[in-house]
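Subject: Structure for your review

Dear colleague,

My findings follow it, and I would be grateful if you read them with the structure open.

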Amino acid sequence: MNIIYTIFNILILLIAPFFVLGLIKKTKAFWGGRKGVSIFQPLFDTVKLFKKDRVVSSSTSWIFDFAPCVIFVTTLFAGLFAPILGGYSIINIEASFVVFSYILGLNKFFALISALDTASSFEGMGASREACFTTIVEPAFFMILASTIVLSGNLTFSSILNLINISGSFGILIVSIIAVSLFIMLLIECSRVPVDDPTTHLELTMIHEVMILDNSGVDLALITWASGIKMVILMSLIANLIIPANLSIGYTILVFLAVLVLLSMILATLESAVARLRMSHVFEFIFVMNSLALVAASLVAVRIYGV
């Protein structure tokens, strides 16, 4: 059984990002009254980028050359610690969520210094914004995971599985708040509307996109692929919160894929209906996640110690 879950988890991490991004594009086209591109278009674009040559600025160093590989490898490696299908983690150790967080921290570090290495003021501006947002998100993420660990008494990342049954009478409320918090984290970490617009090309308003303006060819393909993998990982965390733990493997696969499709459509609908926030208001939006994390931690305390 573990071998089956391992194979499916690796396939989901490597292949699902293309279809998630394709479904988002297709849904946004639907709401815009257009036919849109094929759902396979992100896969075609990535293959095309792998065939293209790199164009590298003379002002960059070995960091710029090395960073895309580190970004892709660390994102994929972090996915091995995260619970994907059926709450199964390929690498399941105690305090794995800490390892997971710091691997993604290394990922973010190389993304930032790669942008700074180009000597571009615009990319430096995007790196500054990205670092600021991540600094605010990280405490809320640790607070959410700490709440699940306290409830389950399990130090592994899979403690989020079946949390709704462990939480008692507060189960649905706690899981709902944590799921919304993780969805906000998904919008922030994957640079989606209303935090950032992945389709814009205005340097003064971009965050993630402005950081990779100098990347091309294989480098851009790896960075884009890694961004999709991170999105699938965060969607998987939400899925494992709401999917029952006692399903057969067949139903688990179907329900998991259905949740990924649903989250992709919700994300695309949100991007079609909501405008990007002003930069000064993005911080207020991010602090919503922190507030929800505090509420979840308070409910966990009430669940354990009573009113």
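Which residues does aspartate 117 touch, not counting residues up to four places away in sequence? Please keep in mind, here and throughout, that this is a predicted model. Aspartate 117 touches Ser59, Thr60, Ser61, Ile63 and Phe64. Of these, serine 59 is 58 residues away along the chain, yet the C-alpha atoms of aspartate 117 and serine 59 are separated by 7.7 Å. Aspartate 117 itself has its place in helix α4. Its relative accessible area is 15%; buried means under 20%, so aspartate 117 counts as buried.

The protein as a whole

The secondary structure comes to 11 helices and zero strands. Read along the sequence, the pattern is therefore simply α-α-α-α-α-α-α-α-α-α-α. For a protein of 307 residues, a compact globule would have a radius of gyration near 19 Å, and the value found here, 19 Å, agrees with that. Taken along the principal axes, the C-alpha atoms fill a box of roughly 60 × 40 × 40 Å.

Of the 307 residues, 49% count as buried. The accessible surface comes to about 13900 Å², and carbon and sulfur atoms account for 70% of it. Among the contacts with a separation of 6 or more, 78% are between residues 24 or more positions apart.

Helices α4 and α5

Helix α4 covers residues 96-117 and helix α5 covers residues 121-152.

Leaving aside its neighbours within four places in sequence, serine 101 is in contact with Phe141 and Phe142. Serine 101 is buried, with a relative accessible area of 14%.

Two further residues

Lysine 230 is found in helix α9, which covers residues 217-242. Is lysine 230 buried or exposed? With a relative accessible area of 11%, lysine 230 is buried. Apart from neighbours within four places in sequence, lysine 230 is in contact with Thr75, Asn107, Lys108, Glu189 and Cys190. The C-alpha atoms of lysine 230 and valine 195, 35 residues apart along the chain, are separated by 16 Å.

Asparagine 154 lies in the loop between α5 and α6, the latter being residues 163-166. Its relative accessibility is 29%, and asparagine 154 counts as partly exposed. Not counting residues up to four places away in sequence, asparagine 154 touches Ile149 and Ser159. Asparagine 154 and methionine 231 are 77 residues apart in sequence and 25 Å apart in space, C-alpha to C-alpha.

Points in the backbone

Where in the backbone is there a cis peptide bond? The bond from valine 193 to proline 194 is cis, with omega near 10°. Proline 194 is found in the loop between α7 (171-189) and α8 (208-211).

Serine 191 lies in the loop between α7 and α8 as well. Although serine 191 is not a glycine, it has a positive phi of about 55°. Serine 191 is buried, with a relative accessible area of 4%.

Alanine 95, in the loop between α3 (62-81) and α4, also has a positive phi, of about 60°, although it is not a glycine. At 30% relative accessibility, alanine 95 counts as partly exposed.

With kind regards

Terms used:
Residues are numbered from 1 along each chain as its sequence is written. This is a predicted model: local features need pLDDT of at least 70, side-chain atom pairs count only at pLDDT 80 or more; totals for chains, interfaces and linings use all residues. Side-chain values use heavy atoms; hydrogens and water are left out. Axes are lines fitted to C-alpha atoms, for helices over the stretch in contact, and angles run from 0 to 180 degrees between N-to-C directions. Helices (H or I, at least four residues) and strands (E, at least two) are DSSP runs, numbered from the N terminus. The radius of gyration is taken over C-alpha atoms; the globule rule is 2.2 Å times the number of residues to the power 0.38. Buried means under 20% relative accessible area, exposed over 50%, partly exposed in between (1.4 Å probe, protein chains only). Contact means heavy atoms within 4.5 Å. Accessible areas come from the Shrake-Rupley method with a 1.4 Å probe; for residues, only the protein chains shown count as cover.
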